[in-house]
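This report reads a protein chain from its overall fold down to single side chains. Please keep the sequence and the model in view while reading.

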Amino acid sequence: SGASSDSASPGAEEVLVQGSYEYCHYGQQGCGDHGWGCAYRSCQTVVSWLKLGGAGCQHVESVPTIPAMQAALVAAGDKPASFQGGRAWVGSVEVALLLDALFGVSSRILTLRA
């Protein structure tokens, strides 16, 4: 659960992830993604947490590869076909789209003041 911090904004809450997850990092799966794969690897780490039962999830069977995530972004209409197989950087908006498109997990990106 959450704990307040002296440096946090009023009403803010720190929350720790509970449960197991796999730390996904550059170079896994034989992919040379150093310098552009950060958000893909963050997405994979979140998906691994879901796969291992995070948030009570029971329908995630595997963590998608970067090519599978690129294909999902193309299929969702977010990226052109030429995006597939490239080294284009993605961010948190695409991670949210992937979680929804691949696993039905909706999310919201919040802008917070420091």
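**Basis and overall fold**

This is a predicted model, in which local features need pLDDT of at least 70 and side-chain atom pairs count only at pLDDT 80 or more, whereas totals for chains, interfaces and linings use all residues. Residues are numbered from 1 along each chain as its sequence is written, and side-chain values use heavy atoms, with hydrogens and water left out.

The chain has three helices and two strands, where helices (H or I, at least four residues) and strands (E, at least two) are DSSP runs numbered from the N terminus. Along the sequence these elements follow the pattern β-β-α-α-α. Of the 114 residues in the chain, 30% are buried; here buried means under 20% relative accessible area, exposed means over 50%, and partly exposed lies in between, with a 1.4 Å probe and protein chains only. Among the contacts with a separation of 6 or more, 45% join residues 24 or more positions apart, a contact being heavy atoms within 4.5 Å.

**How the helices pack**

Two packed helices are described by the angle between their axes and the distance between the axes. The axes are lines fitted to C-alpha atoms, for helices over the stretch in contact, and the angles run from 0 to 180 degrees between N-to-C directions.

| Helix pair | Angle | Distance between axes |
|---|---|---|
| H1 and H2 | about 100° | 10 Å |
| H2 and H3 | about 85° | 10 Å |

H1 and H2 are therefore roughly perpendicular to each other, and H2 is likewise roughly perpendicular to H3. Angles of 65 to 115 degrees count as roughly perpendicular, under 35 as roughly parallel, over 145 as roughly antiparallel, and the rest as oblique.

Where H1 meets H2, Tyr-40, Arg-41, Cys-43 and Gln-44 of H1 face Ile-66, Met-69 and Gln-70 of H2 in contact, and this set comprises four nonpolar, two polar and one charged residues. In this classification Ala, Val, Leu, Ile, Met, Phe, Trp, Tyr, Cys and Pro count as nonpolar, Asp, Glu, Lys and Arg as charged, and the others, Gly among them, as polar. The contact of H2 with H3 is made by Met-69, Ala-72 and Leu-73 of H2 together with Glu-94, Leu-97, Leu-98 and Leu-102 of H3, and its residues divide into six nonpolar, no polar and one charged.

Helix H1 covers residues 38-51, and its 14 residues should span 20 Å at 1.5 Å a residue, which agrees with the 20 Å between its end C-alpha atoms. The expected span is 1.5 Å times one less than the number of residues. The buried residues of H1 include Ala-39, Cys-43, Val-47 and Leu-50, and what covers the buried residues of H1 includes H2 and H3. Just after H1, Gly-53 takes a positive phi of about 100°.

Glu-94, Val-95, Ala-96, Leu-98, Leu-99 and Phe-103 are the buried residues of H3, and they pack against H1 and H2. Just after H3, Gly-104 has a positive phi of about 70°.

Leu-99 lies in helix H3 and is buried, with a relative accessible area of 8%. Although Leu-99 and Val-47 are 52 residues apart in sequence, their C-alpha atoms are 7.7 Å apart in space. Not counting residues up to four places away in sequence, Leu-99 touches Cys-43, Val-46, Val-47, Leu-50, Gly-104 and Val-105.

Gln-29 sits in the loop between strand S2 (14-15) and H1, and at 49% relative accessibility Gln-29 counts as partly exposed. The side chain of Gln-29 makes a polar contact of 3.3 Å with the side chain of Arg-41 and another of 3.3 Å with that of Gln-44. A polar contact is a pair of N or O atoms within 3.5 Å; within protein, one must be able to donate a hydrogen and the other to accept it, and residues adjacent in sequence count only if both atoms are side-chain atoms. The C-alpha atoms of Gln-29 and Thr-65, 36 residues apart along the chain, are separated by 7.7 Å.

Lys-79 is placed in the loop between H2 and H3, and a polar contact of 2.9 Å joins its side chain to that of Glu-94. Leaving aside neighbours within four places in sequence, Lys-79 is in contact with Leu-73, Val-74, Val-90 and Glu-94.
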